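Colleague: I'd like to learn how to read a few features from the atoms. Can you take me through them one at a time?

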Amino acid sequence: MAGHSRFMFATAALVLAMCSGSGQAQAPAAAGGRQIVLYRPATSTFYVRHGDGQQAATELPFGAAGDVPLWADFAGNGKRVPAVYRKGGQWLISTHADGKADATMNFGGQPNDVPLAADVDGDGRADLVIFRAGEWLVRGTRNPAVTLVFHFGTAGDVPLLADVNGDGKLDLVVFRAGQWLASTHRDDKADVTFAFGGVAGERALAVDWEGDGSVALVLFRDGTWLVSGKHDGKVSTELAFGTKGDIPLAVWLQK
């Protein structure tokens, strides 16, 4: 079994490396402006909203019922693609954004594991991250070994990764019933805290909404995106995209 796992990682690393070239198909290139991504579990489809939303959102079917959706740059080529985490610890990545999983890895698999995908180690490629009741386990797509371990938060927290202090490195963040706690030193202490939200059923994101390097706190409530750009608990921007049951995933500015 161990040998099989190493083979899957080697194969996935090769596929991701091959797809880093500009000649490979990726998620459809969008016009400039803010790009917003969400996932609709009811249809196992990723939706990408472009710019001001006047044009139809791009639909990218991928995944199956029960999957946890992810959206990240796994190849390190600046292009984000869809992925899903499946019960049992299986990660499926569609490097061509064509609905097919051409990179498969195993990591995690415990009942309450929460997956994330982001460049934690700073090598330009999204890492596979598992949040397990306050423990953060990080490994790359090209190496099956856990390379980083952090302790922050507790069971029931919603884990997030964002550059809260603007130093170019992702910080550990947890959302807890309207409280946002961040560890900018990646230790077990919250040195930055915010209050925003607290409504049952809302989903939280911490993203660079304006594309200026600063993190905004975002809440998704049944299709409404509420943004607190100043971290003062007040809504600075409100936007409609999606519907009840959707899962918000990412926001970035397309140059």
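Colleague: Is E202 buried or exposed?

Modeller: E202 has a relative accessible area of 11%, so it goes down as buried. Keep in mind that this is a predicted model, where local features need pLDDT of at least 70 and side-chain atom pairs count only at pLDDT 80 or more, while totals for chains, interfaces and linings use all residues. Residues are numbered from 1 along each chain as its sequence is written, and side-chain values use heavy atoms, with hydrogens and water left out.

Colleague: Which residue forms a salt bridge with E202?

Modeller: The general idea first: side chains of opposite charge can pair when their charged atoms come close. I call it a salt bridge when a side-chain nitrogen of Lys or Arg is within 4 Å of a carboxyl oxygen of Asp or Glu. Here R221 is the partner of E202, with the closest N and O atoms 2.8 Å apart. That pair links distant parts of the chain, 19 residues apart: R221 is in strand β17 (residues 216-221), and E202 is in the loop between β15 (192-195) and β16 (203-207). A strand is a DSSP run of E, at least two residues, numbered from the N terminus. R221, at 29% relative accessibility, counts as partly exposed.

Colleague: How many salt bridges are there in the whole structure?

Modeller: Eight. One of them joins R40 and D246, where the closest N and O atoms are 2.8 Å apart. R40 sits in strand β1 (residues 33-40) and D246 in the loop between β19 (237-240) and β20, so this bridge ties together parts 206 residues apart in sequence. D246 is buried, at a relative accessible area of 2%, whereas R40 is partly exposed at 23%. Compare K189 and D188, whose closest N and O atoms are 3.4 Å apart; these two residues are exposed.

Colleague: And the rings? How many aromatic pairs does the structure hold?

Modeller: Nine. Rings of Phe, Tyr and Trp (its six-membered ring) pair if their centres lie within 6.5 Å; planes under 30 degrees apart count as stacked, over 60 as edge-to-face and the rest as tilted. Take F46 and W71: they are 5.9 Å centre to centre with 40° between the planes, a tilted pair. F46 belongs to strand β2 (residues 45-50) and W71 to strand β4 (residues 68-72), 25 residues apart. W252 lies in strand β20 (residues 247-254), so its pair with W71 in β4 ties together parts 181 residues apart in sequence. At 13% relative accessibility, W252 counts as buried too.

Colleague: Which residues do the ring pairs link into a cluster?

Modeller: Y39, F46, W71 and W252.

Colleague: What sits over the ring of Y47?

Modeller: The charged end of R40, 4.6 Å from the ring centre. The test asks for NZ of Lys or CZ of Arg within 6 Å of the ring centre and within 35 degrees of the ring normal. By that test, R80 lies over the face of W252, at 4.3 Å from the ring centre. Back at R40, then, you have a residue with a salt bridge to D246 and a place over Y47.

Key: Helices (H or I, at least four residues) and strands (E, at least two) are DSSP runs, numbered from the N terminus. Buried means under 20% relative accessible area, exposed over 50%, partly exposed in between (1.4 Å probe, protein chains only).
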